Structure formats: structure tokens, C-alpha cells
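This report goes through a predicted two-chain model. It begins with a single residue and then turns to confidence, the interface and selected elements.

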Amino acid sequence: MEYNNNSHLPDGAENQKAASRRNFLKNLGLAGVGVATGAAALYSGGIFEAKKEVSGDSKVLLTQDGKLVRVDSLEIKAHEKSGEELSESLCRGGIPGRRWVMVTDLSKCRNARRCIAACQEAHQLRPEQYHLNTLQIQDTPATAPYHIPKNCQHCDNPPCVAVCPVDATYKRPDGIVLIENDRCIGCRFCMAACPYSARIFNWLEPRDAAKYQDKEYNAELNVPQKLGTVSKCLFSADRLREGELPYCVSACPNGVYYFGDENEDSVTNGTTRETVRLSKLLRDNGGYQLMPELGTKPRVYYLPPKNRLFPFENINPETPEKV
Amino acid sequence: MEDNKPTFDKILNDLTHHIRINKGFLLWMGFLSVSLLICLYAYSLQLKTGLGVAGIRDYITWGIYLSNFVFFVASSLIGMLISAVLGLIGMKWITPLTRIAETIAVAFAAVAGLVIVSDMGRPERLAYVFIYGRAQSPIFWDVTVITTYFVLSLLLLFLPMIADMAIIHRKSTSLPGWLKPVYKTLSLNFTDSPEQNKIINRCIRILLILVIPAALSIHTVTSWLFAVTSRAGWDSTLFGPYFVSGAFVAGSAAVIIAMFFFRKNYKLQDYLTDLHFSNMGKVLVTVSLVYLYFNINEFLVPGYKLKRADAVHLHELLAGKDALLFWLVQTGGLLIPIILMMFKPFRKPLPIMLISVAVLIAAWIKRYLIVIPTQEHPFLPIQHVPQNFMHYSPTLIETLISIAPFILVLIIITLISKFFPVIPLHETAKEKGIEHIKFD
């Protein structure tokens, strides 16, 4: 599977610039070359109709829901992203045929925290709010310390989902655990139940609340963040729907993250864009899960901090200011 | 007292003379109302700004709102112990205490429901618990059983009062005029006929049996809010009985305190005698010993193994940051009261009331120690967050909001005890040998 490695997020100003450029081109097109294009379209349409009758060879393709189909090669058209809004059922249904999985290589993490910055930017989080946090860990006094990027583990047996009283947090068929912030009552039972401390809460008005107040809520992005509700890592479900890698995965400069589909047994490194076999990667590198003894069945695997590529730098793990 | 039989009129007067609006009552209610308004103002600030006005943050996400909730559910359990357990095994001395116990049960159960709303990030979505309720969530079970227990307790408070109200509105000369129609309506045309008595007694008996599993459920399910997680300090199969036994300790203490003040303020010395205080002292010792037994299990067993997360938790609790509070609660609220109450002089009304106050305060702090320290050391370290995310301390607004439920409980108990007889009149009269009360 191929992904676009587009880590850059256009901000408001660039959006506007792009929009005015498009408007200019549109006007130019209407005024100047409108007639010519129209004629060309009619002509090529005529040719297409004619060619369709003499059917060519066919190709075997994989559909979105994982079925193999045979399609005439002339019938194949480039996929256009639909502009339709994300309905609740579409969101809860997940992305058909997928089982998303993440592999985090601890030998490569040097605590650059670029993943965190990209994540906080995408999900409109305050500096002390983490969907993803890099922790300094030393398992025993004799073993070496290392940095571990810790996000929601998207457990297949999620304790948070079990305890939610209103079905606001749920497990999708594609493996992602999501939150519907329009339904969350803010009881924080899910936060108490999560052994990975992966969930955060909007204790106060979210970052830039006024700026985003009219923006339509997207459950696959948890944006805009909502006061008095829980938020957490979503495996960038919005990006996956667009066929792109998660924000953190694309932002990492050190090749820490692999992301992909368990069904296809392939994961793609966000930095090198190299796609490898998931099973082989885990087998060859001693892949493991966080606290598997709890029976949560995480969808995030870790590769041990062996032969670390970077020296361990001890940084002050506290941010002083009070929030 | 048994020797010279009191007349019916004396009993009627003794048990109902306090039912009137006087200066003391107005002052007390005025004080409670003003205090409540201040607390409600604090809550309005929380509604406007968000839960962030409290000291709770991402890691210690449940604070004193939740420990308060556990405390209120705990205190409400006593209604079941006194009326149902002691009543059904035939203890006669509990008659004058049943209404006090049921009043406490109703007040604390009703307010427990409100306490939990103050801990919601989105209180306006409370109805979602019923609209989208999921049967697998312990919160859903808790809402169900607390509502059930509240209704059963309310019925157990009301049904034995029907006869009392029927008598009083007919016989009493001191009952305020505006209360007469209320009593008349609520007494449902009761005329003390054998048939009516049979129906009421049967209903009460059924309720007394039903309320036992309901009461056990409310605190067991409340303990499961913690015990269903994997966290050190909460991950315990003992939590249900541990919580229930602790609840009986808190509730017995609350009943003794209420008995003391009703006896003094409403001049009920002839009905709430030293014997009642002594017996309640014995009840408190018994339930405290059971609670002590569960405490030993709860701390000794994980302490023996010292699994990594348990070791950190137990160290902080027994010898670290929370050690002072922990040992204060275990000695001042459990060990010392048990020893003192074994001696008769300490079961006199004043000493046992003071001991009960200590026990009740300790019971509140114990809930704090159950809820908060566990969250301060999760499995993975708390890093890269502000200092106030790592250590919990309640804010002023949060404290005021947490005081509001206590004021509400006092208001409910005051209103019920002030406008209805604290001691069951009909039953007391019958027990004192007055066989038939004439209904005109």
C-alpha cells in the first residue's frame, strides 16, 4: 500500500492564498478558454463513447472492503475524494477491510518530540495536553534508560470502552478506539480505567476555542476540542481515510514509527517511506506490547531499545507553569 | 419506665411538641440556606469555566467530588442495617431509631446522586445515561441501584409514618394548622383497622427484605467503579465487602450523632435512652471490628507480595506522602474507637457522640485515601506536565462545591425531623402497652 507522505499542514493564511489562486484560475478559465475546453470535452467524450464499444483487456483490483473484482481497464478512473461530510455511522463503521497497526522502534527515538508538535497542532491541543507523549523510562537500575513515545494503544480489549456509560467511546472494526465528544458526559471513568494513562480531558476552554467555534466537529480528528469532554490519540483516523499516514508518523525525523494494515501484513516507515512486512519486522526485532499481562491486547507494538542510534539525553521531564 | 405506664397523651405530646416553626429552627435554616447559596455560587463558576476550576487534572482525574460521592453512598447504607437486619432478627430496642436511620438513608442517598453530577464535565448531558445507557458500564449499574435504594428507603420512611400522621392530625392540639391538611393527605385515610395494618405491615416486611440486596448492591457497585480497573490499590477482589463494612461504620456513627442532637434539641431523653446509645455503641464496635478485619486483608496481602505497582502505592500510603493521614484514620478512626467503646462509660451519650464524630471524619478521609493516592502513581510515569498535574490539592471552589452536599443533607434531615415525629409514635405507643388508639 502506498501513502502520500504529506506532513505539512496548511494553516489558515495559506488556505486563503490557495483559495484566491484557485478563484483567479477559475475566472480566467471561464472568460478565456471556456469555449475551447468545452469543444475539446465534447470531442474526447465522443471518442470515449466510441472506444467503449470495443472493450479492451481487464484487470483484477482490490476494492475498499477487501474484495477482488475484475474491471475492464478502460473503465478504470482515478479515484476522486468525495466531499460528503463524515456521518456518524460512517465514522463508527471505520475504514472497511483495514486493521490498523503501529510499530514504534525504541532504538531510534532520540526524543525529538516533533511527533508531539505535529499531533498537538493537528488536534488543537494545549502544550500540556498529550495524545502522544515521550516518556523517559528505566526498567531496572541496571538497564539503560530510553525514551518511549506513548499514545493510545488502541486495545482490542479496551478497558475504557467497557466502562463508558453512554457509548461515547467505541471500538471500530478497523481497530481504532474513538471518542464522540458530542456524547461524552465527562465522567472520566475511561481515564481511570486506562492503564496507559492515554486519555486527556478538556478541563478548561480548549486552545483557540473562539477561533474554531464555528468549525464543524470531526470525530475522526476530535476537532474542535470540546470543553468538559475526554480526548485522546485517534491514530489520525482522518488522515487514514484520505490514504495518508498519521500526523506523528509523518513528522518523525528519526524513522521511529511504522504504520500500516495488519490485514495486508505491511507497515510503512513514516520517515524513510519504506514498506516492510509487519510479521517479519516484529519477528526479527523482538517486537512486544506494553503490559500485555493486563489482557488489553494493544494494537501498538514496540521494538526494544537495543543498539540505540542516539545517546540518551536526560531532560527535565517537568514543565513548570501551572495550568 | 415500664413500671409506671405513660399515658397516650403524654407520648403524643412528647413526640410531637417539636413540630412547629420556632426561632431556633429559622436561624438554623437561614444559616444553612446562606451557606448553600455561597456553595451554589461556586458551582455556577464551575459550570461557566469548566471542571478546571477544581484541582483535578489529567492523571489525578477523580478528586474529592468522587471521594465525597463514595462517602455519601456509604453513609446511606445504615438504613438497611438498622431497620432491616436488626429489625428482621427481632431486636426490639431499635424501634425509636428506625426513623432516624431511614431519614439518614434517604437524605444521603438522594444527595449522593447530586454529588456525582458535580463531578461531570457535561452535567447538561445527564439524561444521556438513560438515553444511551450501556448495560456493561458500572456507572449504569450504580445509577440503577442507587435509584432503587432511594425509592425503597423513601417507602420505608413513609409507610410506618402513615399511622403516625393519621393519629397526629386527629389527636394533636399543637400541630400547626398548615401541616394538618398535609398530614391528612399523606395518611391516606388510615383508620387503624386490622385490615389496613395487615397491608402496611406486609408491605414493610417485603420492603425490609428487598432493601438488603439493594443496599449491598449500591456500595458494592460503587466499589466496583474502582475495582474493575487494573490500577494498584483499586485492583482488589475484596473491595465490595471492604466498602460495605466501612459503610456500616460511617452510617452507625452518623446515626449516633443524629440521636444525640435529636435527643437534646427535641427533648427525647425518655425515648432515646442511655441504653440506646450503649447498644448503638456495641453495633459500632461490631461493624468496626469487621472493617478492621477487611483492612488487614486489604493492606497485608499485597504488602506481603510487594508487586511493583503495589509497592509504590503502599509505600506512599504507609510511610510516604499520605502516611500521616493514613495512620491518623486507622488509629483515630478505627483502633482507638474500638478499644474505647468496649468500656461502658464511653458508650454514654456524650462520649459516644464525640467518638462518632471522630469516626465519621476518619471515614471521609479514608475515602479520600482510597480514591486519590492510587491515581498519583499510574503504571507509566507522569512526565512533561505542570506540577499541579502530578500532585492533587483541592481548590477553594472545589472545597465549597464539596461542602454543599453536607448542607443539603442537613437541610433534608432538619426538615424531615422538624415536621414529622422523629420517634415512631404508633409503634412506640403499642410497645408501651397502649393497645388501642381511638380514631373518631
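## A buried loop residue

Leu245(A) counts as buried because it has 25 C-beta neighbours inside 10 Å; the class requires 20 or more other C-beta atoms within 10 Å, with 12 or fewer for exposed, partly exposed in between, and C-beta atoms placed from the backbone. Leu245(A) sits in the loop between α6 (237-241) and α7 (247-251) of chain A. Helices (H or I, at least four residues) and strands (E, at least two) are DSSP runs numbered from the N terminus. From Leu245(A) to Arg273(A) the C-alpha to C-alpha distance is 9.9 Å, and the two are 28 residues apart in sequence.

## Basis and confidence

Residues are numbered from 1 along each chain as its sequence is written, with chains lettered from A and ligands numbered from 1 in the order in which they are written. The model is predicted: local features need pLDDT of at least 70, side-chain atom pairs count only at pLDDT 80 or more, and totals for chains, interfaces and linings use all residues.

The average pLDDT (the predictor's confidence in each residue, from 0 to 100) of chain A is 85, and 78% of its residues score at least 70. In residues 1-14 of chain A the pLDDT is below 50, yet the stretch has 22 contacts in the model beyond near neighbours in sequence; a contact means C-beta atoms, placed from the backbone, within 7 Å. Where pLDDT is low, predicted coordinates should not be read in detail.

Chain B has a mean pLDDT of 95, with 99% of residues at 70 or more. For the complex, the predictor gives an ipTM of 0.93 and a pTM of 0.87.

## Interface

Contacts link 43 residues of chain A with 38 residues of chain B. On the chain B side, α6 (128-131), α7 (138-171) and α15 (387-390) each supply at least two residues.

## Helix α9 of chain B

Helix α9 (residues 194-227) of chain B has 34 residues and spans 49 Å from first C-alpha to last, close to the 50 Å expected at 1.5 Å a residue (1.5 Å times one less than the number of residues). At Val211(B) the helix α9(B) bends by about 25°, and Pro213(B) follows within four residues; the bend is the angle between axes fitted to the seven residues ending there and the seven starting there.

Buried residues of α9(B) include Val211(B), Ile218(B) and Phe226(B). Among the elements that cover the buried residues of α9(B) are α5 (189-193) of chain A and α10 (239-265) of chain B.

Terms used
Two residues are in contact if their C-beta atoms, placed from the backbone, lie within 7 Å.
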